[in-house]
Amino acid sequence: EDEGVTVLLGFVEETGTFGEMSYLHSETTSASVVVDTDKVQVYVMEGKVLDKMFSARLDLGARFFRFLSSLISKRVRQQTYGFAETLQEQKAADICNLPLHLQLPKLNRMLGLDKSTVHGTLIGPEMSEIIDSEVRPHNTWGQIAAAKTISTYPPTPDGARDGDPICDQYRVAFTSQSIVIALADGCNWGASVREAAKKAAEGFTSYILNHQHEARNLQHAGEMIMRAFSVAQNNIMLSGNQTDNDGNPSDIGTTTLLGGLLFRLFDPIQSTPSATQRNNKQSSNLSPSRTRINQQRRLSSPPAPILSKSPSNTPLTYQPNEASSKNETGQASTSSRVVMTKSPSANWGNPDKWGFLLANVGDCKAFIFRNDDGSVEDITLDSRACSFNASDCGGRLGPFIDGRLPDLRNFALKFVECSQDDLLLIVSDGVHDNLDPYQLGLDPPASSELPSWDLFQDAAIAESIKAQCRASLLASLISEIPAAKRNPSAVVSAVLEHCLRVNSKALQWMAANPGKRLPNNYKLYPGKMDHTSCLCFRP
């Protein structure tokens with residue numbers, strides 16, 4: 001600088017990534033630092049050189065200032081919400097921006113989230129090829145959770161099944177005070193679709209596990225959930241290797257995703273929060289910069305102790321379920337994987353209130369069975385309100401719009417409180433379509449004053465009536481299980497066996513008429529064949 005010498009450190013190619021504008025040398029001279037983020041290279045340029053370059057190449061200037069805008073937006077968000085993201089997570093562009101003060105309530109209770117070790121995970125279905133097995137063996141975690149995926153599609157002459165491989169994917173992770181849940185239902189069939197569902201579920205759960213301890217309140221946790229969906233979308237987009245003539249990915253599938261966090265809610269008067277929770281409460285009253293500093297200090301400190309009564313050397317007591325013989329109806333299911341580091345803790349069964357915070361895009365659904373009155377609540381009530389057509393999932397992640405953007409028509413953020421006696425169910429459309437009165441060949445209830453579903457002109461009204469019917473039928477299926485045996489595993493069995501029964505007539509017809517198309521008559525052949533997943537949890 002003193003000698004007026006310019007040293008060339010490198011150059012920016014046309015496809016290079018611009019970094020941040022940094023410092024002023026004096027009142028009249030400015031310089032910029034341009035960073036190639038992939039290779040972490042730094043270039044220093046005089047302001048006059050930038051001015052000449054941008055004058056000659058307006059596209060470079062547009063790219064540069066577009067990056068500056070996104071950088072400022074990201075920094076404001078990090079100052080406000082304070083997520084200490086990895087470099088890979090930071091590359092995920094935001095795909096949703098909801099007004100959280102309108103979406104989520106303000107709670108008097110504290111969130112029971114801490115930086116805890118993962119005790120165990122449920123991962124499934126794991127195998128790309130279908131293996132016939134019983135409906136009853138589940139992927140379970142004690143009396144707390146059960147999960148199962150089956151295929152209700154008919155068998156093919158070569159011993160496989162239509163729709164192979166199964167394109168549903170679920171991931172569940174257990175910590176001392178929370179359960180991270182993701183269910184992705186790939187749109188259509190094929191290996192790329194299954195991979196998209198897998199990447200979405202993995203991306204969501206890993207982000208929540210990395211950052212749940214940073215959540216200061218429900219609105220903050222809501223921002224975390226939405227960022228997790230952005231990371232899931234980015235995970236999907238990174239999975240392809242081929243592009244079309246327009247440069248858009250051509251080998252990447254799309255998928256729906258329901259992701260949520262089930263966590264304890266502590267009453268500040270009756271419960272003593274952990275040290276991290278106290279720090280979170282104190283940090284919320286500080287300026288953004290002070291909050292950011294405190295979060296960085298917490299991240300660099302040793303992990304908080306696990307809030308579990310199980311000793312650290314507790315042996316594994318729950319083993320993976322092995323695929324076994326074909327069931328009576330000849331339907332198939334895939335094997336799953338259980339990864340355990342501790343057995344389920346007795347600490348899970350206390351009477352604390354729990355909260356379930358979730359986001360959903362597509363047509364997976366979440367229900368709560370209220371044990372006190374035997375009712376079922378559809379948390380995702382409006383996920384199908386935008387369409388009559390069951391083949392329209394309402395929204396999806398992956399390259400759907402313009403070959404690269406997700407479809408977020410029905411994206412929604414929800415929160416509901418539940419107790420230890422309630423049951424939480426997460427299902428794919430392979431389950432709830434077989435609870436739908438239209439797919440079951442049932443007419444609308446007399447109160448609707450319409451003899452046929454085809455006469456409804458308002459899809460939202462029709463969906464509201466169907467939702468009541470689905471909830472009522474699901475409540476009946478669960479209530480039929482004796483109270484003493486009404487655990488997650490029994491509920492998963494009851495739900496999946498119902499789906500098999502509903503589709504049995506259609507399967508019999510297809511077996512007797514190979515190569516022919518099933519008549520479109522739900523009264524004669526009710527149900528919907530699909531990849532079918534059911535997850536059930538007791539807080």
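The model is predicted. Its chain has 539 residues, and 51% of them count as buried.

**The chain as a whole**
- Among contacts with a separation of 6 or more, 75% are between residues 24 or more positions apart.
- The accessible surface is about 25500 Å², and carbon and sulfur atoms account for 51% of that area.

**Aspartate 94 and arginine 227**
- The whole structure holds 15 salt bridges, and one of them pairs aspartate 94 with arginine 227, with the closest N and O atoms 2.6 Å apart.
- These partners are 133 residues apart: aspartate 94 sits in the loop between helix 3 and helix 4, while arginine 227 belongs to helix 6.
- Aspartate 94 is partly exposed at 37% relative accessibility, whereas arginine 227 is buried at 2%.

**Lysine 365 and aspartate 378**
- A salt bridge joins the side chains of lysine 365 and aspartate 378, at 3.0 Å from N to O.
- Lysine 365 is in strand 15 and aspartate 378 is in strand 16, 13 residues apart.
- Lysine 365 counts as buried because its relative accessible area is 0%, under the 20% cut-off.
- Aspartate 378 is buried too, with a value of 10%.

**Aspartate 443 and lysine 523**
- Aspartate 443 and lysine 523 form a salt bridge of 3.0 Å, N to O.
- Each lies in a loop, and the pair ties together parts that are 80 residues apart in sequence.
- Aspartate 443 is partly exposed at 47% relative accessibility, and lysine 523 is exposed at 53%.

Key: Residues are numbered from 1 along each chain as its sequence is written. This is a predicted model: local features need pLDDT of at least 70, side-chain atom pairs count only at pLDDT 80 or more; totals for chains, interfaces and linings use all residues. Side-chain values use heavy atoms; hydrogens and water are left out. Buried means under 20% relative accessible area, exposed over 50%, partly exposed in between (1.4 Å probe, protein chains only). Contact means heavy atoms within 4.5 Å. Accessible areas come from the Shrake-Rupley method with a 1.4 Å probe; for residues, only the protein chains shown count as cover. A salt bridge is a side-chain nitrogen of Lys or Arg within 4 Å of a carboxyl oxygen of Asp or Glu. Helices (H or I, at least four residues) and strands (E, at least two) are DSSP runs, numbered from the N terminus.
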